[in-house]
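Hi everyone, thanks for letting me take a few minutes today.

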Amino acid sequence: MSGDFSDYRGVWVFLEAKDGRIAPVSLELLGAGRRLADKRKTELAGVLIGDGVTALAGTAFEYGADTVYAYDAPIYKHYRTETYMKALFACIEKYKPEIVLFGATSTGKDLASAVATDLPTGLTADTTILDVEEDTGLLLASRPAFGGNIMATILCKKYRPQMATVRPKVMKSLAPEPGRQGKLIPEAIPLREEDVRTKVLDIVRSTAPRVRIDEADVIVAGGKGLGSAAGFQLLHQLAGVLGAAVGASRDVVEAGWIGHHHQVGQTGVTVTPKIYFAIGISGAIQHIVGMQNSGLIIAINKDPAAPIFQSCHYGIVGDAFEIVPLMIEQFKKALGKEDVQHA
Ligand code: FAD
């Protein structure tokens with residue numbers, strides 16, 4: 001494919017539906033998509049796939065979608081690459097959007113890469129800035145490259161649609177407009193359960209407390225400066241007092257002190273809490289790109305020359321093992337939690 005793309009119109013967002021709601025990242029993408037669609041003077045559409053998801057179309061309209069294509073059937077109850085890919089592929093072939101955006105969640109990343117391979121077209125992963133050339137319709141998808149040292153803008157000149165995944169919390173959703181209406185288009189493809197190779201036999205939920213660092217208002221994040229898994233427990237205590245989520249540098253995750261879904265940074269999660277404590281974290285660029293948009297960044301590091309002090313609002317030079325216990329004590333007093341016990 002190359003050259004004449006005049007058949008391709010519209011900006012689309014894959015609307016990830018989970019637990020009866022549209023994922024926040026999809027609403028953020030409707031905000032970003034609205035801007036692109038307005039610039040191109042075209043429509044913004046969402047694609048909903050699931051079982052019982054049609055009712056969510058109203059939310060998509062309130063957040064900026066003009067149209068929602070809905071594949072609503074029991075076969076889509078659980079996310080499976082094969083079924084979702086077939087539905088989205090068929091929808092793209094039928095309506096030919098010029099741009100399709102996905103949240104860079106595990107579902108979004110899996111689906112986007114499968115659809116891009118089948119179409120075939122290009123896919124820019126983990127985009128942090130989106131723009132579009134008004135006249136040509138070229139999507140300008142920018143993302144950190146070469147270890148975060150440069151921003152690369154990636155174009156897909158020869159294929160359509162142009163596709164990108166975008167990390168949660170990077171784009172801003174629009175304020176919802178209650179009662180805003182749109183066009184709901186129910187869609188279906190002939191798909192029988194016996195033709196699907198993957199079966200969901202059971203869903204086993206993790207028993208470990210699931211800390212959603214991407215949704216937390218306060219994050220207490222720790223690095224190798226905490227010395228050991230036992231030392232890292234100090235952060236859990238502070239987080240418990242503050243009602244905060246616990247974040248970590250990659251080195252801490254690699255050392256096995258905490259699970260991967262706590263990792264903040266380029267290869268972890270991008271977070272934008274109101275307050276971010278960086279404790280015993282040196283401030284490598286790959287960490288900074290994941291937390292630099294936090295409202296207030298407070299760093300504690302015993303090395304006054306640590307790069308983290310270039311990226312924080314308040315810095316405390318000192319030993320975490322002296323400072324954090326004092327913080328726990330003072331926050332307990334201030335918050336009236338003096339009797340709170342933590343493991
Ligand atoms: P260190 O760099 O070892 O820093 C420890 C800090 O603790 C030091 O500044 C030290 O002064 C301080 N310290 C020591 N003792 C104390 C004490 N008692 N009290 C207070 N401070 C103390 N990293 C990420 O975090 N997230 C990512 O997503 C990520 N992705 C990456 C992707 C690529 C492709 C690459 C190449 C690297 C990536 N990294 C990522 C790794 C990154 O480059 C750093 O190696 C990592 O962030 C360092 O972790 P750290 O700050 O915990 O450890």
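Okay, let's begin with the kinds of residue in the shell around the ligand: there are five nonpolar ones, 14 polar ones and six charged ones. Keep in mind that what you see is a predicted model.

So who is in that shell? In total, 25 residues surround the ligand, and Lys-224, Ser-249, Thr-267, Ser-282 and Asn-301 are the closest.

Now let's look at some atoms. Find Lys-224 again: a polar atom of its backbone sits 2.8 Å from an oxygen atom of the ligand. Gly-268 also has a polar backbone atom facing a ligand oxygen, at 3.4 Å. Then there's Lys-302, where a polar backbone atom is 3.2 Å from a nitrogen atom of the ligand.

How much of the ligand does the protein bury? On its own, the ligand would expose 990 Å², and the protein buries 76% of that.

Last stop, a single residue: Thr-107. You'll find it in helix 4, which runs over residues 106–118. Is Thr-107 buried or exposed? Its relative accessibility is 16%, so it counts as buried, since the cut-off for buried is under 20%. And what does Thr-107 touch, if we skip neighbours within four places in sequence? Its contacts are Phe-14, Glu-16 and Tyr-79.

Notes. Residues are numbered from 1 along each chain as its sequence is written. This is a predicted model: local features need pLDDT of at least 70, side-chain atom pairs count only at pLDDT 80 or more; totals for chains, interfaces and linings use all residues. Side-chain values use heavy atoms; hydrogens and water are left out. A residue is near a molecule or strand if one of its heavy atoms lies within 4 Å of it. A polar contact is a pair of N or O atoms within 3.5 Å; within protein, one must be able to donate a hydrogen and the other to accept it, and residues adjacent in sequence count only if both atoms are side-chain atoms. Accessible areas come from the Shrake-Rupley method with a 1.4 Å probe; for residues, only the protein chains shown count as cover. Ala, Val, Leu, Ile, Met, Phe, Trp, Tyr, Cys and Pro count as nonpolar, Asp, Glu, Lys and Arg as charged, and the others, Gly among them, as polar. Helices (H or I, at least four residues) and strands (E, at least two) are DSSP runs, numbered from the N terminus. Buried means under 20% relative accessible area, exposed over 50%, partly exposed in between (1.4 Å probe, protein chains only). Contact means heavy atoms within 4.5 Å.
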